[in-house]
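Biologist: Take me through this model. I will ask what stands behind each label.

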Amino acid sequence: MDSALLCHPLFTRFNNLTLSTFNNRPSFAPPPPQTLRKSKQRTSNSASSAAAFSAGNMFDETPTTKNGKPSVAASTLGLGAETSSEAIDFFDNLEDPDHPSDGYSSIQSAVDAIHQGKFVIVVDDENGDSEGNLVMAASFATPGNVTSMVQHGSGIVYVGMKEDDLQRLKLPLFSVDNGNNETSTFTITVDVKTGTSGGVSAADRAKTIVALSSSESKPEDFRRPGHVFPVRYRDGGVLRRAGHTEASVDLVALAGLRPVSVLSAIVDTQDGSMASLPKLRSLASQHQIPMVSITDLIRYRRKRENLIERIAISRLPTKWGQFYAHCYRSKVDGIEHVALVKGNIGDGQDVLVRVHSECLTGDIFASARCDCGNQLDLAMQMIEKAGRGAVIYLRGHEGRGIGLGPKLLAYNLQDQGHDTVEANLELGLPADARDYGVGAQMLRDIGIRTMRLMTNNPAKFKGLKGYGLAVTGRVPVVTQITDENRKYLETKRTKMGHIYAKGPLSAIHRKTTPEAEAASN
C-alpha cells in the first residue's frame with residue numbers, strides 16, 4: 001500500500017493459516033528471467049551503437065574558445081536522413097512497449113487474472129523501494145481472499161474507490177495534519193450492517209468490501225467507524241499518480257469490472273517489515289500470481305488511451321517561415337502542447353519530424369549550457385527548407401521532466417563538478433522523467449504515420465513506438481560544441497546513449513542530404 005504501515009489492535013495475524021484461495025489457479029507466474037526481454041543488454045547495445053557513431057571522444061577534434069563561444073571550426077550541422085547500418089541495428093534494438101519489464105508479468109495477464117477474480121501483485125518500482133500490494137476486484141472478495149491478504153499483509157485491508165462513490169456513500173476524508181498540506185486519501189472506516197457481527201472477521205470484512213463495491217449500496221448500510229479502510233482513487237489513475245490505489249482501480253477497470261479494488265501491503269512474514277522484491281517474486285512464483293509494475297501499467301495505458309484534445313489551430317508566421325500551430329491540451333494534467341506544421345502532410349508518409357522537449361533556458365534565453373535552443377532553430381530551418389514537416393513542442397519536459405526550479409539546482413551541482421545525470425540523481429530525481437506518449441498522439445492527430453525523426457536521443461524512438469507510427473530514418477541534429485556544453489553533450493553520449501557522428505565533426509558536412517545542406521546555407 002502506498003502509505004505508512006498502520007497498526008490496529010483489533011487486527012490479529014493469521015500466520016498459521018493456509019493459502020487455500022491461491023490453489024488450483026492457472027499459471028500467471030512471472031516468466032523466468034531467461035525468457036524476459038534483455039533490456040540491460042539492449043541498453044548496452046544502444047550505448048555500443050552510440051559509440052559506433054564516434055571515433056573515441058566525439059569532441060576531441062573540435063576546438064572551441066572560452067565563454068561558450070565556438071571557434072570557426074565548431075560545427076553547426078544537420079545530418080542527413082539516411083538510415084545507416086548503425087541506425088538499422090539501433091532500430092532493431094528498440095524495446096517492445098507492451099513487453100513487461102524484467103522479472104514482471106505482462107499487464108494483460110494481470111487484467112485477465114483480475115477479470116477471473118484472482119489476485120495480482122502490484123509493485124511500485126520507481127523509487128527502489130519495491131513495495132508490493134496484493135490486489136483484486138472488490139466485487140469478488142470472499143472470506144478466503146481476505147484471510148490470504150491478512151496472512152501476507154499488514155493486517156489492514158483497503159478498498160480503492162473513486163470520488164463519486166465516496167460521495168454517494170457519504171464517506172468523508174480524514175483531516176490529517178501531515179506537515180505538507182496534502183489531503184489524506186483515507187476516509188472514515190466502515191462495516192456493513194447486514195449479515196455481520198463484530199466486523200473484524202474475514203467473513204465480515206469480505207461482506208463489507210462487496211457492499212462497498214455495489215452501486216446499489218446506500219450510506220445507511222454502513223456503521224462508522226469500522227474495520228475496512230476505503231481510500232480515494234485520484235482521477236486519471238496512474239497517469240496522474242503512480243500509487244498502488246490508482247494502479248489497483250485501473251486494473252479492475254481494464255478488466256471490465258466496476259472500478260472498486262481491494263488491496264493490502266505485503267509484509268515479510270518473518271519480521272513484519274515490508275516484503276523485499278525477492279520475497280515478492282517468491283510469493284508470486286509459489287502461488288502462481290502475476291506480478292506487475294506500476295511503470296508498465298502507465299506505459300500500457302498511455303499507449304491505448306486518447307490523452308489529448310485539440311483546442312485550436314492558427315496560422316503562425318515565424319522568422320523561419322509560415323507554419324500552422326496546432327494547440328493540444330493533455331486530458332491527464334491539463335498541460336498545453338503545440339505542433340508546428342509546415343506544408344501539406346498528405347498521406348502522412350516520410351515526414352520530417354522533430355519532437356522537442358520544452359527548455360525555457362535554452363529555447364528562450366539561449367543558455368549555452370545545453371544545445372536545446374540551437375537544435376530547435378536548426379529543426380525549424382530544415383523543415384522550412386523541406387517545405388513539409390512538423391515540430392512537436394512538448395511542454396512540462398523542462399530539465400528532462402524534473403521542472404525548472406530543480407533544473408537550476410542541478411546546474412549548481414554541475415558547477416561543482418557533477419555531470420547532468422549525476423546532478424539529477426544527487427537531488428533524488430530521475431535522470432530522465434520524460435514521456436513521449438502525448439507527442440505520439442499529436443503526430444497521429446495531424447496525420448503523420450511514418451517519419452524521418454530529427455534526434456540524437458534513442459529514448460524518442462522507443463517513446464514513439466507502439467502508437468501506429470514508424471520511423472523510417474534518423475536525422476541527427478548536431479549543433480555548436482562549446483566549452484559550456486561540451487561536458488553536457490559528452491554525458492548524454494556516454495550515459496544516455498545519444499548517438500552523434502562518426503569521425504571528426506569537421507568532416508561531417510560532406511555527408512549531409514539536401515535538407516541539411518539547404519538548412520546550413
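Predicted model: local features only at pLDDT ≥ 70, side-chain atom pairs only at ≥ 80, totals over all residues.

Modeller: The protein chain holds 18 helices and 14 strands. Of its 521 residues, 52% count as buried. The accessible surface comes to about 22600 Å², and 50% of that belongs to carbon and sulfur atoms.

Biologist: Why is N424 called buried?

Modeller: Its relative accessible area is 3%. Buried means under 20%. N424 falls under that cut-off, so it is called buried. The residue sits in helix 14 (residues 420–426).

Biologist: Why is H337 called buried?

Modeller: The value for H337 is 6%. The limit is under 20%, so H337 is buried. Its place is in strand 10.

Biologist: Which backbone atom lies 3.0 Å from a polar atom of the H337 side chain?

Modeller: The backbone nitrogen of R395. With a limit of 3.5 Å, the distance of 3.0 Å passes. Beyond four places in sequence, H337 touches residues including H326, C327, Y328, Y393, L394, V438 and M442.

Biologist: How do you know that strand 9 and strand 10 pair?

Modeller: Pairing takes at least two bridges. Strand 9 (residues 322–330) and strand 10 (residues 336–342) have 6, so they pair. They run antiparallel. Y324 has V341 as its bridge partner in strand 10.

Biologist: What is the strand order in the open sheet?

Modeller: The 7 strands run 8-9-10-12-11-13-14, with mixed pairing. From one strand to the next, the twist averages 25°.

Biologist: Which strands does helix 11 touch as it packs on that sheet?

Modeller: Helix 11 (residues 372–386) touches strands 9, 10, 11, 12, 13 and 14. Its direction makes about 160° with that of strand 11 (351–357). Helix 15 (residues 437–445) packs on the sheet too, touching strands 8, 9, 10, 11, 12 and 13. Its direction makes about 150° with that of strand 12.

Biologist: What covers the buried residues of helix 9?

Modeller: Helix 15 is part of that cover, and so are helix 3 (107–115), strand 1 (120–124), helix 7 (244–254) and strand 7 (291–293). The buried residues of helix 9 (residues 294–304) are I294, D296, L297, I298, Y300, R301 and R302.

Biologist: How do you know that strand 3 pairs with strand 5 and with strand 6?

Modeller: Count the bridges again. Strand 3 (residues 158–161) and strand 5 (residues 222–232) run parallel, joined by 4 bridges. Strand 3 and strand 6 (residues 261–265) are antiparallel, over 3 bridges. The threshold is at least two, so both pairs count. V159 stands opposite P230 in strand 5, and its bridge partner in strand 6 is V262.

Biologist: Which residues point each way from strand 3, and are they buried or exposed?

Modeller: Y158 and G160 point one way, V159 and M161 the other. All are buried. In a regular strand, side chains alternate between the two faces of the sheet.

Conventions. Residues numbered from 1 in each chain as written. Heavy atoms only, no water. Axes fitted to C-alpha atoms, helices over the stretch in contact; angles between N-to-C directions. Contact = heavy atoms within 4.5 Å. Buried < 20%, exposed > 50% of the residue type's maximum accessible area, 1.4 Å probe, protein only. Polar contact = N/O pair within 3.5 Å; in protein donor to acceptor, adjacent residues only side chain to side chain. Areas by Shrake-Rupley, 256 points an atom, 1.4 Å probe, with all protein chains shown as cover.
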